[in-house]
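Please look at the sequence and the structure before reading on.

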2 protein chains.
Amino acid sequence: MIERISILGTGLLGTSVGLALRAAGYRGSIVGWNRGAEGARLALEAGAIDSVATDPLQMARESQVVLLAVPIYATLDYMEKLSGVLGCAHMVTDVGSTKAQITAAAGRLFNTPERAAFLPGHPMAGKERGGAALGDANLFRGAVWLFTEVPTWQRSPHSAELIKGWREWVVAMGSKCIDIDPARHDELVAWVSHLPQFVATAMSAMLEEKVGDAPELKDVGGRALSEMTRLGASPYSMWRDIALTNTEAVQAVLLALEQRLAYLRENLRTPELRDEFDQANKFRR
Amino acid sequence: MIERISILGTGLLGTSVGLALRAAGYRGSIVGWNRGAEGARLALEAGAIDSVATDPLQMARESQVVLLAVPIYATLDYMEKLSGVLGCAHMVTDVGSTKAQITAAAGRLFNTPERAAFLPGHPMAGKERGGAALGDANLFRGAVWLFTEVPTWQRSPHSAELIKGWREWVVAMGSKCIDIDPARHDELVAWVSHLPQFVATAMSAMLEEKVGDAPELKDVGGRALSEMTRLGASPYSMWRDIALTNTEAVQAVLLALEQRLAYLRENLRTPELRDEFDQANKFRR
């Protein structure tokens, strides 16, 4: 039923979706657009897209499904633009890491019977470095793909069918769909995704100051250090929008961790340390 | 030259050393002892040791090299016991994660021309779970093995030769030997090893309280969360001795991270966030 998909933004995620759709057997056409020509060229060469569009809005108009795979503020900008040019024969979805603002915009700009449908989505998959060159057909295999639709949205029967079809492709790409309230989403990802990122950034920045001038000492840390700081390589360009659109939830989890670390620090020589280890062991069981 | 090695404590590290020695071509005998009979049996079955001793001190007396692979306070206890029964034809080494106290004891109890030599060692390798069953001949491949000898120690020529021989086996097991001052060692490992552990414990304990009752949400975090909390499975029994013998250094790094997280938290919406990401990116380059 979905004969043409357009991918707006062929970075790591956009390119990976194109590759994963092909690997899952999608036979319709996939057209891509990217702000930088290099990213579009790489996605094309990798086979993630069949052709490169010159105008993203025209590309969207000519597709049934439009995937926005750009940073959050760029997603919000394109939502404004697309809502004016698309109608009830289209659906738009995204991969943004925070969902409250995007879902609010989706309710304001889409999801009436006359307008295009918008399905706010968030695949819990990625890498610490971006770009089309790292695109990976297996990126979504075994991952959770979160959706934050609002139950009261009214859509045309046609666009509702497109939503259903897109969800089936998400499953075909190897992901598990989970529906969740947008505010709950943003709080949850602050704990399980944004916290790991900001901790890795803080640890990496601190260690760079401490041992950055002694490269032989970086080897000393081994696997644990490497894992705990892997996300330190993540680009500011992507995380800026997350920090700006989920500020309060991220502040709350960072403060909670600061307090927990202080508690550990004050109890290194007391029996409370055992309770912390026991509690942590439970999480990993 | 080393014809008989005894491994006192056949947990994860002791068993792995036995397996790695064999994999590296060691043809002498390896005898083991373990507080729990099950661990000794598993090490024997895995081929890490040739036989199980019933008396650890007698086992040590009959060996040229004695590897202490028990927790730090147990290591300090055995150092006291061994110094009375071994002489200049022996060398003892250990794998303890903190080195200031062990190195001080080594100077007090060993390392005179009449006494056994003691080489304080610390392989930067391990797993988040212990036990002989996880023993791994490749555990030390590519790892750094730290030594904290004091240059003024006076040893018999024979035991000095044993030290040299043991260092060669460490290299043969795939590790890189690095010599470091014991106080500097304890400060360094607080940053690159103990910090990752206590952060993982704090995060895991906190997340257990937050999402422990919603197992489907654990999947949401994906690889990053899994990596950042892997060490949350580490046992208190091992880390208690580390916390007790490196308290001040660990307190200092935990406090430094608390402050760094607070700085990030206060700057989620300012340009300083970019500088933190840039600094972190540098560490991972």
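The model is predicted.

**The interface.** How much area is buried between chain A and chain B? The value is about 8200 Å², and carbon and sulfur atoms give 70% of it. In general, the accessible area lost when the parts come together is often used to state the size of an interface. Within the area that chain A buries against chain B, A:Y236, A:F283 and A:R284 supply 10%, more than any other three residues.

| Item | Value |
|---|---|
| Residues of chain A in contact with chain B | 78 residues |
| Residues of chain B in contact with chain A | 78 residues |
| Salt bridges between chain A and chain B | 8 salt bridges |
| Polar contacts between chain A and chain B (both residues at pLDDT 80 or more) | 29 residue pairs |

Several elements of chain A give two or more residues to the side that touches chain B, including the strands β8 (144-147) and β9 (176-179) and the helices α7 (182-211) and α8 (215-229). The largest share of this side of chain A comes from α7(A), with 22 residues. By residue type, the side of chain A that touches chain B divides into 44 nonpolar, 12 polar and 22 charged residues. One salt bridge is formed by A:R230 with B:E227, where the closest N and O atoms are 2.8 Å apart.

**A sheet in chain B.** In what order do the strands of the open sheet of 6 strands in chain B lie? The order is β3-β2-β1-β4-β5-β6, and the pairing is parallel. In general, strands of a sheet pair through backbone hydrogen bonds, either parallel or antiparallel. The edge strands in chain B are β3 (51-52) and β6 (117-119), each of which pairs on one side only.

Strand β1 (residues 4-8) of chain B runs parallel to strand β2 (residues 29-33) of chain B, and 5 bridges join them. For B:L8, the bridge partner in β2(B) is B:W33.

Terms used: Residues are numbered from 1 along each chain as its sequence is written. Chains are lettered from A and ligands numbered from 1 in the order in which they are written. This is a predicted model: local features need pLDDT of at least 70, side-chain atom pairs count only at pLDDT 80 or more; totals for chains, interfaces and linings use all residues. Side-chain values use heavy atoms; hydrogens and water are left out. Contact means heavy atoms within 4.5 Å. Buried area is the accessible area (1.4 Å probe) that two parts lose on being put together, summed over both. A salt bridge is a side-chain nitrogen of Lys or Arg within 4 Å of a carboxyl oxygen of Asp or Glu. A polar contact is a pair of N or O atoms within 3.5 Å; within protein, one must be able to donate a hydrogen and the other to accept it, and residues adjacent in sequence count only if both atoms are side-chain atoms. Helices (H or I, at least four residues) and strands (E, at least two) are DSSP runs, numbered from the N terminus. Ala, Val, Leu, Ile, Met, Phe, Trp, Tyr, Cys and Pro count as nonpolar, Asp, Glu, Lys and Arg as charged, and the others, Gly among them, as polar. Two strands pair if DSSP finds at least two bridges between them.
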